[in-house]
Amino acid sequence: MYCIAMKIGQFILVVVISTFSYGNNNAPLLLNGNCITCHHETKSISAPSLKLIKKRYKNAFPKKKDFVQYMSQWVLKPNIQGSLMNDMIQKYSLMPELGFDKDTLEIITAYIYDENY
Ligand code: HEC
């Protein structure tokens with residue numbers, strides 16, 4: 001009896017852990033770990049704030065699909081020609097390439113689109 005109870009307990013634990021690690025949307029984690037180092041949410045310190053970036057990009061791309069597509073492509077390969085923020089490149093110099101794949105960047109940029117800064 002004791003053994004069965006232990007097994008059931010273990011099973012429940014595994015289910016709970018898997019739900020937390022795979023079932024959740026990890027966009028905030030990705031954003032916070034990888035972008036917040038340089039981009040503060042509301043203040044432009046060592047790079048433009050996410051709030052400012054979002055404002056500029058939403059002006060140019062009001063639709064979420066276009067916004068996500070353009071921004072993730074740019075972050076994949078930052079470049080002067082495609083920039084919507086040339087003044088920020090002048091001020092802070094061009095953002096470095098970070099080496100994320102496109103899928104990850106689409107998750108992150110979709111989150112930026114939805115977030116209220
Ligand atoms: C090492 C610091 C650094 C990190 C990390 C960083 N950025 Fe940047 N980013 C910058 C700087 C500096 C600029 C302003 C200059 C520019 O536009 O290239 C910038 C500009 C941008 C722009 C505006 C692009 C344009 O010019 O139109 C976007 C969008 C952006 N970052 C998204 C991200 C996202 C998403 C992440 C996380 C995956 C991220 N950044 C991580 C430094 C960083």
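# Helix packing around helix 6

Me: Where to start? How does helix 4 pass helix 6, in a left-handed or a right-handed crossing?
Reply: The crossing of helix 4 over helix 6 is right-handed. Keep in mind that this is a predicted model.

Me: What angle do helix 4 and helix 6 pack at, and how far apart are their axes?
Reply: The angle is about 130°, and the axes are 8 Å apart. Helix 4 covers residues 64-76. The two helices are therefore oblique to each other.

Me: Which residues of helix 4 and helix 6 meet?
Reply: From helix 4, the contact includes Phe67, Val68, Met71 and Val75. From helix 6, it includes Leu105, Ala110, Ile112 and Tyr113. Lys64 in helix 4 and Lys102, Glu106 and Asp114 in helix 6 are also among the contact residues.

Me: How do the residues of that contact of helix 4 with helix 6 divide?
Reply: They split into 9 nonpolar, 4 polar and 4 charged.

Me: Now helix 2. Where does helix 2 sit against helix 6, and at what angle do they cross?
Reply: Helix 2 is residues 27-34, and helix 6 is residues 102-114. Their axes come within 9 Å and cross at roughly 95°. That makes helix 2 and helix 6 roughly perpendicular, therefore.

Me: Which residues meet there, between helix 2 and helix 6?
Reply: Helix 2 brings Ala27, Pro28, Leu30 and Leu31. Helix 6 brings Thr104, Ile107, Ile108, Tyr111 and Ile112.

Me: And how many charged residues are in that contact of helix 2 with helix 6?
Reply: No charged residues there. The contact has 8 nonpolar residues and 1 polar.

Me: Switching topic. How many aromatic pairs are there?
Reply: The count comes to 5. One of the pairs is Tyr57 with Phe67, which is edge-to-face. The rings sit 6.1 Å centre to centre, with 75° between the planes.

Me: Which parts does the pair of Tyr57 and Phe67 tie together?
Reply: Tyr57 lies in helix 3, residues 50-60, and Phe67 lies in helix 4, so the pair ties together parts 10 residues apart in sequence.

Me: What about the backbone? What is phi of Ser93?
Reply: Phi of Ser93 is near 70°. That is a positive value in a residue other than glycine. Ser93 sits in the loop between helix 5 (86-92) and helix 6.

Me: Last one. Where is confidence lowest, and where is it highest?
Reply: Helix 1, residues 2-23, is lowest, at a mean of 60. Helix 4 is highest, at 98. Over the protein chain the mean pLDDT is 87, and 83% of residues reach 70 or more. Where pLDDT is low, the predicted coordinates should not be read in detail.

Notes:
Residues numbered from 1 in each chain as written. Predicted model: local features only at pLDDT ≥ 70, side-chain atom pairs only at ≥ 80, totals over all residues. Heavy atoms only, no water. Axes fitted to C-alpha atoms, helices over the stretch in contact; angles between N-to-C directions. Helix = DSSP H or I, 4+ residues; strand = E, 2+ residues; numbered from the N terminus. Parallel < 35°, antiparallel > 145°, perpendicular 65-115°, else oblique. Contact = heavy atoms within 4.5 Å. Nonpolar A, V, L, I, M, F, W, Y, C, P; charged D, E, K, R; others polar. Left-handed = near helix turned anticlockwise from the far one by under 90°. pLDDT = per-residue confidence, 0-100. Phe/Tyr/Trp six-rings, centres within 6.5 Å; stacked < 30°, edge-to-face > 60°.
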